[in-house]
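Let's take a walk through a protein chain together, one region at a time. Keep the picture open beside you as you read.

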Amino acid sequence: MASSDPSADHTLGQRVLREHVASVYDTYIVSTLTHMAFVVVFGCIIYSQLRNLSLLFWIGGLVIADIYVFFTPRWTPLRPARESAYWARKISRMVTLVSMITAVVPWLIVPYDNLPMTSLLMAVIVGSCARAAQSLWPLKSALFGYTLPMSLGLITALAWQGDGLHLFLAAAGAAYLLLTLRAGIGQHRLLTESLMLRFENEALAARLGEQIAATERASEEKTRFLGTASHDLRQPLHAIALFGAALENELRDRPEGRNAERLMRAVNALGASLDTMLDVSRLDAGVITPVPQPVQLDALFLPLNHTFSARAEQKQLQLRVRASGLWVHSDPQLLHRMLSNLMDNALKYTAHGGVTVMARERGDSVWVEVRDTGIGIAPEQSGRIFEEFYQINNPGRDRSRGLGIGLSIVQRLSRLLGHPVQMHSRPGRGTHFRVVLPVARAQAGGLLPSFPSEAGEAQAPQRRIAPPLPGRVLLLDDELEIREAMVGLLRSHAIDALAVADEAGAAAALQKAHGEGRPFDLLLCDYRLADGVDGLDAGLRLSQAPGEGGADTPLLLITGETSPARLQRVRESQVPVLFKPVVAAALLQAMAELAAPKPVSRPSTIDA
C-alpha cells in the first residue's frame, strides 16, 4: 500500500528496518558464543590431522574477532528507531569480518589434497551459510557479507586445484551459493512486505480509532450543546408559559381571552419542539425502560386514528387505519410513539392521496405498515432520513414540517424495543415503513393504558374525578421571573404559594410553617439552583428533614435539563419530575396527585 507522504514513508521504513535489526540481534549472544566454541573445536580437529601451524593463527584470529563481536556495544530495544541504519551497518561489518577470516581456511586445507578434510570443510561452510540464510536474511547486507567471502574462498580454493573432482565441487559450491542467496533475498522481501503491511494496518487502525473517538466527541458535544441550549431556552419559555397560563385563567370570560389562548398555543407549540429534543436526550441517556406486554393493536390504532384524522381532513387526505384483531408483544406507550411519529411524518410529506396504517401476521411476527402516497425518498437520501434534523425538500426549514427529529426517535425506539424498521420508497409515488413486531396471544379482558396525544396530554377512555389541589405550596427556584410567574399561576387557582430563592430560605419557611401548625402540602423545586447547587439533593434534604417541617412533604422536581447523565440520575432517584416549559394543566394535575392524602399509583416521571 503506497503512501503519498514522504515523511510517512520514511517513518515506515525506519520501523521496518528496526524490526529487521531486532530480529538479527535477537540471537546475537548465543550465535557469537556458539561460533567461538565451534571455531576452537573445528580448528583443533583440523590441526590434529594436518599439523599446520598456520591453522593456529587462523583459530586465534577468529577467536579474537568473536571476542570483539561479543564485547562491542550492541543494539538493544531501548535504541531509537532513527539509529537502526547505524546498527544494521555495524552488524553487517562484523559478520563480514568474521567471514573474511573464515575465507582463508580453505586455502590452508584444500591444497593438502585430503578429501575427508575437504569434505568436512565443505560441510561446515555449507551449514554455516544455511544458518546465515535463516538468521541474517532480515538484513541483506549482513547476509551477503557473511556468505560471499567464505563461500568464494572455498570455491576459488577448489577451482585452483584444476582437476575434475575439485572443479565439480567448486561448481556445486557456486550453485549452492546462488540458491542460498536467492532464497535469502526472497525471504527478505516477504518479511519486509509483511512488516510493512502490519504497520500500515496498525496505522489504519490507529486512524480509524482516532476518527471513531472524534465522532464520539462530536456526538457528545452535540448532546451537551442540545442539553445546554434546550435548558437555556426552557427557562424563559417556562416563565412565559406560567405567566400566560395565569393570564389565560384571569381573562377566561373576557374578549381579551382569545389573545391569551393564541399566546398559549404558540407557547405549547414551541414547548413541543423542545420536548422532541428532550426525547432524544432521554433515549440517549437510557432513562426510558421499556415494559413489554401483550398489546392489542386495534386498541392502539384507535387513539392514533383520533389524533391524526382531523389533520388528514384538514389537508384533504384519506386516513385509513385498518383493524386487524392482532396482538403483539411490546411496550404500548413506546410503540404508540413509534407509530405516531411514522404517521406524523407520512402526513407531512403527502399532499395528495392519503395514508394507510395496517397490520398483517407473518409467521411469528406481525408487520405494522404505514404507507403514504407522498413525495417519496430518493435512493441517495434513504440512508440519511434517520439522522437528526435531516429533512427532505425543506431547505427553508418550514416549521410546519417539524425539526426533522421524528424518524431519529423512531430509530432509537426501534433499537430499544428490538422492533426492526424497514423502509421502501419510490420518488413521486410514496413511501411505506414497516415495523416488525413479535406476535402475542390475545389476552381476555386486557386493558391498555391511555396514550399521549400530540399535545402531550393523556386521552383516557373514562373521565376521572381529579383530586383536590394542595392548599399550601412552597417553591424553591433561584430565578425571580419564574418565582413570580409560578406564584401568580398558583394563586390564580386559589393555592397559597410561597417562593424562596435558596435552600436556607426553604428550610426556614418549612420550619416556620411547622411551628405555626400550617405545614406545606407540597414542595416544588428547580433542578438547577444558583451557585451550582443541585436542586434534587436540596429537595430531598428539605422533604426528608425530620423536626424541621419537611418530613413527609411530597417533592415535585421541575427541570429544563436534557443532559443524559442528569436525566439518568433523576430517573434513579424516583422523584416525580416535570419538564419545562410546564403545561399548567399537567402541573396542577401532578400537584393534586402528589398532595392527595392517600397514596396513588403514579409513574416516577410525569411528562409535561
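Helix 2 and helix 6 are roughly antiparallel to each other, a label used for angles over 145 degrees, while angles under 35 degrees count as roughly parallel, 65 to 115 as roughly perpendicular and the rest as oblique. Before we go further, please note that this is a predicted model, in which local features need pLDDT of at least 70, side-chain atom pairs count only at pLDDT 80 or more, and totals for chains, interfaces and linings use all residues. Residues are numbered from 1 along each chain as its sequence is written, and side-chain values use heavy atoms, with hydrogens and water left out.

Back to our two helices. Two packed helices are described by the angle between their axes and the distance between the axes. Here, the axes of helix 2 (residues 28–50) and helix 6 (residues 115–135) come within 12 Å and cross at roughly 170°. Axes are lines fitted to C-alpha atoms, for helices over the stretch in contact, and the angles run from 0 to 180 degrees between N-to-C directions. Helices (H or I, at least four residues) and strands (E, at least two) are DSSP runs, numbered from the N terminus.

Which residues of helix 2 and helix 6 meet? From helix 2 come Ser-31, Phe-38, Phe-42, Ile-45, Ile-46, Gln-49 and Leu-50, and they meet Met-117, Leu-120, Leu-121, Val-124 and Arg-131 of helix 6. By class, this contact of helix 2 with helix 6 has nine nonpolar, two polar and one charged residues. Contact means heavy atoms within 4.5 Å; as for the classes, Ala, Val, Leu, Ile, Met, Phe, Trp, Tyr, Cys and Pro count as nonpolar, Asp, Glu, Lys and Arg as charged, and the others, Gly among them, as polar.

Now follow the chain past the end of helix 2. In the loop between helix 2 and helix 3 you will find Arg-51. Most residues other than glycine have a negative phi. Arg-51, however, has a positive phi of about 55° although it is not a glycine. With a relative accessible area of 58%, Arg-51 is exposed; buried means under 20%, exposed over 50%, and partly exposed in between (1.4 Å probe, protein chains only). In helix 3 (residues 53–71) sits Tyr-68, which counts as partly exposed at 44% relative accessibility. Tyr-68 and Thr-32 are 36 residues apart in sequence and 9.9 Å apart in space, C-alpha to C-alpha.

Two strands pair if DSSP finds at least two bridges between them. Is strand 7 enclosed or open to the outside? Eight of the nine residues of strand 7 are buried, so this strand is largely enclosed by the rest of the structure. Strand 7 (residues 430–438) runs antiparallel to strand 6, and six bridges join the two. Among the pairs, Val-421 has Val-435 as its bridge partner, and Gln-422 has Arg-434. Strand 5 also runs antiparallel to strand 7, with seven bridges, and there Glu-369 stands opposite Arg-434. The hairpin of strand 6 and strand 7 has three residues between the strands, and Gly-428 in this hairpin takes a positive phi near 80°.

Another open sheet has five strands in the order 11-10-12-13-14, and its pairing is parallel. Its edge strands are strand 11 (496–500) and strand 14 (577–579). Strand 13 (residues 555–559) is joined to strand 14 by three bridges, and Thr-559 stands opposite Phe-579. Helix 13 (residues 480–492) lies across strand 10 (472–476), strand 11, strand 12 (522–526) and strand 13, at about 175° to strand 11. Between helix 13 and strand 11 is a loop that holds Ala-494. Phi of Ala-494 is positive, near 65°, and this residue counts as exposed at 71% relative accessibility.

Finally, step back to see the whole chain. Its secondary structure comes to 17 helices and 14 strands, and buried residues make up 44% of its 608 residues.
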